[in-house]
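Hi,

Here is the structure I promised to pass on. Have a look at it first, and then read on for what turned up.

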Amino acid sequence: MRISVIGTGYVGLVTGTCFAEKGNQVLCADIDATRIEKLNQGIAPFYEPGLEELIKKNASKKRLHFTANIQEAMESAEMLMIAVGTPSDLDGSTDLSYVMSVAESIGQHMNADKYVVVKSTVPVGTCEAVRNVIERVLRARGVNYKVQIVSNPEFLREGAALEDCLYPPRVIVGVENDETQQVMLNLYRPFVEDTSKILFVDIFSSEMTKYAANAMLATRISFMNELSRICEVTGANIDLVKKGMGMDPRIGPHFLNAGVGYGGSCFPKDVKALIKTARNIGSELSILQAVEEVNQQQHDHFFKKVQDYFKGQLEGKTIAMWGLAFKPGTDDLREAPALRLIEKFLYYGARVKAADPIALEGARKLLSFESRVELFDSFYEALNGADALVIVTEWPEFKGADLNQVKASLKNSVIFDGRNIFLPSEMEELGFDYISIGKEM
Ligand code: NAD
Ligand code: UGA
């Protein structure tokens, strides 16, 4: 199949590369010409394990191409996939301007009947609106091509994106007719051994499923975070509670880690968007409002642990921070809890020495104007002379750290672990004050 992916960001680039890997002819298009130039040299615009190699492989086999010429992309393919961003507006609703601008261009450049697949995360009803825009522009041009609209939300996780994309646990496709269903079945068949993993539903249900899934995962995290605060004062241990809960197959062990609160480009915005969708129809999603509130509180709750330890006196203190990315395996800093924590440390007069295995380049761009923030390649160097170590991202490197060296480098032997990567008993034995999440201090 000839596919053009419009928007070569996280989702567009990963999915475009994976469709090429399965033998399709893929053209990835983006309005960011610099990004396209780099991709044509085999350079990925973000870190994702294995992606650059797969791009190079498929580009050399002439199945994967990149262009900044949107018209060419729209004219040359049978299937157009929309994978542009859908950020939050100020009021929490979804900013659909990128999606709608692509719809306008499709209308302007469409030169035959086409499948238009919406991969971006969009509120229920958006695919319908995309079709209406395309058809309006086609009418204005006086042409009458057929637009087969498909909703096909993406469920990949950053850091595990290739695995999620090449071996998806499920594929959700919202279609309107049998013919489109067959085309999408043929497209996804090479990705799944068992085609029952491809769920065909109506377009509205498909759009809603994406938000529902992210909202459920965010709910689990906020539930565990709120519970962890109760554990801290009652003497229970959230890690043991999690283990016990997760052994129930109805609950399962995943996404139950209490921490510093969720971040990233999707949970925060998608939770807000679903709340807004409910409000738009005069309803309330009280559970999700609480999920969001608890998440905000959790960032602050973790900060307060540090503040309380130093009896409110953070002025002049130096905080070593391990981890900037919103989670391990990515250099993505969007809505990263580390950035919010840095802001708070600076506000209260502290200095921050931060280290991250991958996210330093992006952090330099964001934090270069902050004279009280230093960034380090070596996570041991960030510790020198610091009053405390704060762990924000659970990179495996940190788990395997030489704790004697950590102790020798820090001014005070105190660690605030926002991801529970160490065992309190072992840390105590090593002589640390070890303050983690969901355990009595
Ligand atoms: P992104 O910001 O990384 O990339 C969007 C890209 O679209 C940018 O490169 C931008 O230059 C390009 N673009 C904008 N307008 C364009 C236009 N008119 N024509 C061509 N290109 C244009 O976004 P992302 O993280 O890939 O997210 C895309 C969508 O996928 C969002 O709706 C998001 O919620 C959803 N999603 C993201 C993830 C993830 O892990 N990042 C996972 C699942 C779903
Ligand atoms: C998430 C979903 O997992 C993907 O399925 C979805 O496609 C994607 O959003 C999206 O719609 O963009 P991602 O944002 O890459 O993927 O990262 P997650 O692994 O889900 O983590 C999100 C946040 O939750 C991170 O800050 C992480 O630290 C936090 N988290 C996760 C916890 O605090 N506890 C957990 O148990 C799990």
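To get going: in which sense do β12 and strand β13 (residues 414-417) pair, and over how many bridges? They run parallel, with 3 bridges between them. Do keep in mind that this is a predicted model.

Staying with that strand for a moment, Leu389 stands opposite Ile415 in β13. β12 also has a partner in strand β9 (residues 318-322), again in the parallel sense, this time over 4 bridges. There, Ile319 has Ala388 of β12 as its bridge partner. Is β12 covered on one face or on both? Both: Ala388 and Val390 are buried on one side, and Leu389 and Ile391 are buried on the other.

Now for the wider layout. The protein chain splits into domain 1 (2-201) and domain 2 (216-435), and the C-alpha centres of the two lie 33 Å apart. Where they touch, domain 1 puts in 15 residues and domain 2 puts in 14. On the domain 1 side of that contact you'll find 7 nonpolar, 6 polar and 2 charged residues.

There is a database note to go with this. UniProt, in an unreviewed entry, places "domain: UDP-glucose/GDP-mannose dehydrogenase C-terminal" at residues 320-424. In the model, that span is 30% helix and 19% strand, and its end C-alpha atoms are 20 Å apart.

Next, the ligands. Ligand 1 has 27 residues around it, and the nearest are Gly7, Gly9, Tyr10, Ser120 and Thr121. Helices α1 (10-21) and α5 (97-109) each give at least two residues to this shell. Sorted by class, the shell around ligand 1 holds 12 nonpolar, 10 polar and 5 charged residues.

And which residues come nearest to ligand 2? Out of the 20 around it, they are Glu158, Asn257, Tyr262, Gly264 and Cys266. The class count for the ligand 2 shell is 10 nonpolar, 6 polar and 4 charged. Helix α9 (residues 203-234) provides the largest share of the shell, with 3 residues. Both domains take part here too: domain 1 (2-201) and domain 2 (216-435) each contribute at least three residues to the shell around ligand 2.

Cheers

How values were computed:
Residues numbered from 1 in each chain as written. Chains lettered and ligands numbered in written order. Predicted model: local features only at pLDDT ≥ 70, side-chain atom pairs only at ≥ 80, totals over all residues. Near = placed C-beta within 6 Å. Nonpolar A, V, L, I, M, F, W, Y, C, P; charged D, E, K, R; others polar. Domains from an automatic or database assignment. UniProt positions renumbered as here; feature names shortened; annotations may be inferred. Buried ≥ 20, exposed ≤ 12 C-beta atoms within 10 Å, placed from the backbone. Pairing = 2+ DSSP bridges. Contact = placed C-beta atoms within 7 Å.
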